[in-house]
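Visitor: I'm new to this one. Can you show it to me and talk me through the inside?

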Amino acid sequence: MAYSTTSENPASNSNLHLVIVEAYEGIAELYADEPEEIKAARGLGLPVAEIAEQLDCRITVLSWDQWRNYEVRKLWTPTPATRPSTPPDFSHMQVDFQSERVKQVSLPAIDPDYGLPFEECGLSPRSHGLINDSGLLFFASYCLLRELKVLHQQDPFQAVILPMWGGVGYVSQMARATHAPNQLDVPFGVVVTDPSLTRRRANQEGEWLRHAVIRRQMEDLSLALADLTLAFGLRGKETAIAGRLPEASLPVLAPRFVEASCLDAIAYAANHPAQSYQSLQFFLYEPQEAASGVLNTLDAVAQVNRQELRLEQPVISSGPEMTFAPMKPREFTHYWSSRGFVRELVRDRQWQWQRDYPQITQGFRVRLYPSNFEYLPNVWAELARCSFVVLSPAAAEGLAAGTALPQEVLIQGEPNPETLANYLQWITQADLQQLDQIRQNLCRQVVEAHRGEGRQRLLDETATSLGQLLASPPPPQDLSRVALLLGDRRFPLQTLAQQNQPPSLPESNSHIQPGTLSVVVPCYEMGAMLKEAIESIWKSERGPDEVLIIDDGSQGEETITTIQELEAIASSKGLPLRVIRKRNGGLAAARNTGLAAATGEFISFLDGDDLIEPQFYSLAQHLLQQYPLLGGVAAWASIFGTGTPDGFWNSPQPELPFLLIENSVFIPCLTRTVLLRQLGGYDTRQRYNYEDWELSVRMLAAGWMIVTIPMQLMRYRIRQDSLYRSMTDVQNQVMRELFLTTHQDVVAKFAVAIAMQLEHQWKQLAYAEPPSNSPVLTQVSNLYTALASTPIPKYLAVIQRFVSRFKRT
């Protein structure tokens, strides 16, 4: 898909161009299906047209409409815990921003491997792998970087505004922070809302599932790396401050977008009484899930009922039907309707389920907004209907910024059954005319907040901050200090940074040459593969100052001959190479031999059967020199091997406690020689690839963070006879016990999180679906059949091997 160019925009005389990326709200991310509410959240809830006018700039709003349309027809992944029971209608998602300066463009649903639309070709094996491995929003973030670069080439822009929700800007921001090749070097602003963790907790979905851990990391890093943060109220402001470095710029309060016609209706409602004072009618219109407050409200009604206070009319709980996380795949209403106390409430006309928005023609309307997380609800539309509203702190965010709302409409603290029950009792016993006066006063405050001087001040401050971002971007955040959030996920970044005492290194001895690089290649019977590894090192853009082959007692003729050939090549071409021969002692001992012999300030270990991409050492060393408090720099990798389909390892950032469960650091991670020596080198008790894993944990536990460049900069070879793949279950158990025992202090600190993550992994294995029923296998099989007659033969071999592998598993 080609993006529109400036010549197609009537406001193209402006040289300033701002891009706003909307939050990805697909099937599993449904907040509400009210057209007014969806419209109010477009453009991240910002007054986009007014900002464009005030800045005299163009704004392109990137939406995910094509992705949603494909998702409705083709499920991305097996059913997640909470999602709509039936696909939502996204046909009313398109919004007219009513400004020649603003255009909305849908991000193309194009597979990054095939370069073809999802509708034509489906998803490549890599795309399926990214979704299943790290989550749909990680895949979206991966694709977003490509699309932003395409747009920037066709229609340059000066800044991007991203949603914090889901962390869809994570890959783009990390690519910029780590100076990855072809990264998008523009500043990034982030609009702050509640993190997804808030919703997961409320929905009882669990916070230590792998996808939840990765999404939380994406959101946290996206917020921490932002050059500018925008918030709509106190809740977002507190989230932004806690999630950023103490020296980072403070969040800017921005006004929410409200249609003029809606404000007119609220102004009318402020001067007219409610239609009836005969009886109260409580109702909700939210997705039927715990996070939207439905479960708390249900428990509150039951509590009121137990106190022998009967409601004149049943509380109406309406909205899209959702699956219930703890009882997947049962629907929320069906599960709770089977509970005895709920059947009694329904029988006694204290509770009523329904799908559609309630049409209340008689009675005093009281809409409850007891949501546990901020999702930019359109409370204004309800005020325009002359409803009295009861608001959680999340729902009140941005309703009337800078104005103290009436305490009678605000739930104090996070909503729970007790506080909601108190509100129900108070409203039930209150005089309805007095309640209506409170409603009218609230309407007047809202109109004043959105049409008075206060809103103009917020708009001016927002426009000024964005103008500065466009014209003069601030220096990037300190990546080594941002990385502190990877060391202990129990605390926000601000707390970690304030309490941090940077570790220190011993002074380098005379054998260490400042600014130099050593690459150590342990080798035991690698044969001709060793030559490929060494040649990939020599081809590096930043050539190493020394290359050490540690021959760990190889006896095979092919390996001995290969080493001799390499020595001859190095001698004739003046390439760095030194061979150290020793008796066989295992991988850890071989690496320690190289560590002791190295003279470079920086050091990397590459296994003799793997390959390094040319850019890695240059990028990694630059980062370590730029950020002296970083412990190491790793990268993603591509996977290859005889009889193995080409694959990938796009590992998340290494963090504690996740790193105690899964190794997410690639072996060629570049680090500091004196640091590894200070840490004691590799533990020779470790085997089967636990050697480097254990050392990575030791680095993080000592306060030396490791960051991963989001780009495939290593080629990892799969060999069926490798130590890792020949390891038995008993051997793995022994190594895991040794690994965790070695770090028992760190393990004790994160005991609950580690237990939950291990439990999740075990459940996935114990209750895995048979491969023959796998949606991945089904879609890829269909894809292979469809492509058999198309002119894309280069993918067929890969896909065929992929399908065959799954069928054999």
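Visitor: Let's begin with Cys57. Is Cys57 buried or exposed?

Guide: Cys57 is buried, at a relative accessible area of 0%. Buried means under 20% relative accessible area, exposed over 50%, and partly exposed in between, with a 1.4 Å probe and protein chains only. This is a predicted model: local features need pLDDT of at least 70, side-chain atom pairs count only at pLDDT 80 or more, and totals for chains, interfaces and linings use all residues. Residues are numbered from 1 along each chain as its sequence is written, and side-chain values use heavy atoms, with hydrogens and water left out.

Visitor: How many disulfides does the structure hold?

Guide: It holds 0 disulfides. A disulfide is a pair of cysteine sulfur atoms within 2.5 Å.

Visitor: New topic. How many cavities are there in the whole structure?

Guide: A search finds 9 cavities of 30 Å³ or more. On a 1 Å grid over the protein atoms alone, a cavity is a set of points where a 1.4 Å probe fits but cannot get out; a pocket is an open set with protein on both sides within 12 Å along at least five of seven lines; lining residues have an atom within 4 Å of a point. Points are joined across faces, edges and corners, and a volume is the space filled by probe spheres set on them.

Visitor: What is the volume of the largest cavity?

Guide: About 320 Å³. Its lining has 21 residues, with Ala23, Glu25, Tyr31, Ala41 and Leu376 closest to the centre. Helix H1 (residues 35-41) gives the largest share, 3 residues. Helices are DSSP runs of H or I, at least four residues, numbered from the N terminus.

Visitor: And the second largest cavity, what is its volume?

Guide: About 130 Å³. Phe605, Cys669 and Asp692 are among its lining residues. Helix H26 (residues 690-701) supplies the largest share, 4 residues.

Visitor: What about the second largest pocket, how much space lies there?

Guide: About 710 Å³. It is lined by 32 residues, and Gly233, Leu234, Ala396, Glu397 and Thr403 lie nearest its centre.

Visitor: Which helix gives the most to that lining?

Guide: H18 does, with 5 residues. H10 (234-242) and H17 (432-451) are also among the helices that each supply at least two.
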